[in-house]
Amino acid sequence: MTSKIQWTNDTWNVITGCTQYSEGCQNCYAARMHKRLTAMGQKKYKEPFNAVVFHKEALTQHTFSRLDTKRKMIFVNSMSDTFHKDITDAQIKAILDECEWNDPNIFQILTKRAERLPDFDYPFNVWLGVTVEHPKYKSRIEHLKNTNAKIKFLSCEPLLADLGELDLSGIDWVIVGGESGAGARPLHPDWVRNIQKQCQDQGVAFFFKQWGEWESKSTLWNWSGGIKLLNKKDEKKTILMTKDGDIITHAELINAGCPNNTMEFRRVGLKNAGCLLDDKEYKEYPKIEQRG
Ligand code: SF4
């Protein structure tokens, strides 16, 4: 299936369904999409989202081929997590074998269940990634580093806090993005700047996908329009958030001053919020090496 995900060309779903694993799962896009596909009567999605199903026939029924003349990037299991506990080692191995067979296409596999990653051998054409949406999940990076994957990447999406210092040795690519959907949480620009700077300093490709639903307006240290936002009409569309990710009210702001780089965020929608970081677009990819 052709994908709308910016950093890939196509998706290939051998597994459907998943269960929540960490904070980044709170507004899971796959769960929302699954519901829609069930309502449309798609057989593959007839089980509820929390039933993890391995579709053996989908291993070979797909839209790419080893004879493809134009190399595609294919996101594997965008509707699940390949390393979910309900998926056996043999099933994961079968997916990896199919990836290898379909070289020269590139297969991107992303997981939050990073503990299982070192148990497998990864073909040359698999890009392996872990989600790091919060600093408490930085240990996932170490599991990723303990694999033989040729290209290793981090997906910091939805980024929910400042990740602090990152040791990006052995990491080829970092993707950052905000959250979409009804319950989307805002993304503080300082969190993104911190990652972009470390990627630049450590020679790692940086891809900033988008801000999500919320646009940051200004740091409130320099902002004089606070009283205007007490207007009830604006309240739902506006959030004040500190760099630590704490949401504060206007009353708190007025009483306590402006804690830790508080910013005003306005809900403008995914498209309007865009993807510029300090007026610059970052859409870098890792260098693709030819086999041997
Ligand atoms: S791991 Fe991914 S697919 Fe599974 S619930 Fe979390 S966000 Fe959704």
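Contact here means heavy atoms within 4.5 Å.

I'm working from a predicted model, where local features need pLDDT of at least 70, side-chain atom pairs count only at pLDDT 80 or more, and totals for chains, interfaces and linings use all residues. Residues are numbered from 1 along each chain as its sequence is written, and side-chain values use heavy atoms, with hydrogens and water left out.

**Entry: serine 22**

I looked up what serine 22 touches: Lys112, Glu133, Tyr137 and Arg140, leaving aside residues up to four places away in sequence. Is serine 22 buried or exposed? I noted it as buried, because its relative accessibility is 9% and buried means under 20% relative accessible area (1.4 Å probe, protein chains only).

**Entry: the largest pocket**

Next I went for the pockets. I take a pocket as an open set of points on a 1 Å grid over the protein atoms alone, where a 1.4 Å probe fits, with protein on both sides within 12 Å along at least five of seven lines; lining residues have an atom within 4 Å of a point. I found 49 residues lining the largest pocket, with Ile5, Tyr29, Ala30, Ser78 and Lys209 nearest its centre.

**Entry: the second largest pocket**

For the second largest pocket I wrote down a volume of about 240 Å³. Its lining has 13 residues, and Trp12, Asn13, Lys44, Ala58 and Gln61 lie nearest the centre.

Definitions and conventions. Buried means under 20% relative accessible area, exposed over 50%, partly exposed in between (1.4 Å probe, protein chains only). Grid points are joined across faces, edges and corners, and a volume is the space filled by probe spheres set on the points.
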